Amino acid sequence: MSVSAAVAAASTSRTLVLARHRSPPASRVAATSRGRPFSSGPHPLAVSPATRAPAMATDGAAAAAAAGSKKKKEVLIFDAEEDLAVSLAKYTAELSAKLAAERGAFTVVLSGGSLIKNIRKLAEPPYLDSVDWSKWHVFWVDERVVPKDHEDSNYKLALDGFLSKVPIPTGQVYAINDALSAEGAADDYETCLKQLVKNGVIAMSQSTGFPRFDVMLLGMGPDGHIASLFPGHPLVNENKKWVTYIKDSPKPPPERITFTFPVINSSAYVAMVVTGAGKAGAVQKALSDKQTSSDLLPVEMAVLQDGEFTWFTDKPAVSMLQNK
Ligand SMILES: O=C1O[C@H](COP(=O)(O)O)[C@@H](O)[C@H](O)[C@H]1O
């Protein structure tokens, strides 16, 4: 059983299952879905939406790769935030066991924001004792360029809400260098990632030539932004750098560093954790059958080249979706 299937089977949430496939719009890159049918039995409402063109589709070679890419996407909808947190912890712990056994290391990328509260169950029994935390290497998909003890720091948020409660070796927690400028911090973080690729801690994607993190645990803003990749901002088209910077973030604070889409889209697993009615509009645009606009939200540009993408949502977040 795959991790995502295990998550679904273990959940006590809704039993309705809906598998839905749709053809990609003609104007987008054709993508092959290898999503498996959902098994019956008690699990959250699950929707398997069609895939969308990746950010890298602006690049000819990447577009060709995307056309042959192997993708799986599914949506889990939970009745209660507590159920979501339990399921997300199980999903992550199972990936930790699988990837640490396969690779000898488990590379985990965190976002800031509401995600940190949603991973709280990992720091509780049974996972506190059963997870091999010594294999964990922790990174940030984005970080605000502020001191590490600043209220806006994604590092501080994760430290207070999660990292201080689990025994991950401190040398395996990769915070940004907060003494540098935004540009300097982005370059420094990319150099750090390249060193870890050389050491074999981070895998490389053979198909994309970008680092392949084991799992990214991500949130999404109400405007559909992920990491610090905002709607309409030119950074969404960055297709060479691994890590870049922004000095005019529409959401404060303005200076941040962020992973680029080619790195996000090279991941082995992504959990997109989105709750609350305030995000229903972006969820509807991302998951609806109907195309309401030709402009893709950043969350829609997260399309894995060869990985599993799982949405962890609640009912308010999917309240604008039809056929749910
Ligand atoms: O600014 C940011 O916002 C997003 C979304 O945050 P949320 O609180 O709405 O979940 C977050 O994923 C990102 O890491 C953070 O820097």
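**View 1. Side chains of strand β5 in the predicted model.** Trp 136, Val 138 and Trp 140 point one way from β5, while His 137 and Phe 139 point the other way, and all are buried. Buried stands for under 20% relative accessible area, against over 50% for exposed and values in between for partly exposed (1.4 Å probe, protein chains only). Strand β5 covers residues 136-140, and since 5 of its 5 residues are buried, the strand is largely enclosed by the rest of the structure. Strands are DSSP runs of E with at least two residues, helices are runs of H or I with at least four residues, and both are numbered from the N terminus.

This is a predicted model, in which local features need pLDDT of at least 70 and side-chain atom pairs count only at pLDDT 80 or more, whereas totals for chains, interfaces and linings use all residues. Residues are numbered from 1 along each chain as its sequence is written, and side-chain values use heavy atoms, with hydrogens and water left out.

**View 2. Strand β4 beside β5.** Strand β4 (residues 106-110) runs parallel to β5, and 5 bridges join them. Two strands count as paired if DSSP finds at least two bridges between them. In this pairing, Leu 110 stands opposite Trp 140 of β5.

**View 3. Side chains of strand β12.** With 6 of 6 residues buried, strand β12 (residues 269-274) is largely enclosed by the rest of the structure. Tyr 269, Ala 271 and Val 273 point one way from β12. Val 270, Met 272 and Val 274 point the other way, and all of these residues are buried.

**View 4. The partners of β12.** Strand β9 (residues 215-219) is joined to β12 by 5 bridges, and the two run parallel. Leu 217 stands opposite Ala 271 in β12. Strand β13 (residues 306-314) also pairs with β12 in the parallel sense, over 6 bridges. Here Met 272 stands opposite Trp 311 in β13.

**View 5. The largest pocket.** Of the 17 residues that line the largest pocket, Gly 112, Gly 113, Gly 221, His 225 and Lys 251 lie nearest its centre. A pocket is an open set of points on a 1 Å grid over the protein atoms alone, where a 1.4 Å probe fits, with protein on both sides within 12 Å along at least five of seven lines; lining residues have an atom within 4 Å of a point. The volume of the largest pocket is about 210 Å³, taken as the space filled by probe spheres set on the points.
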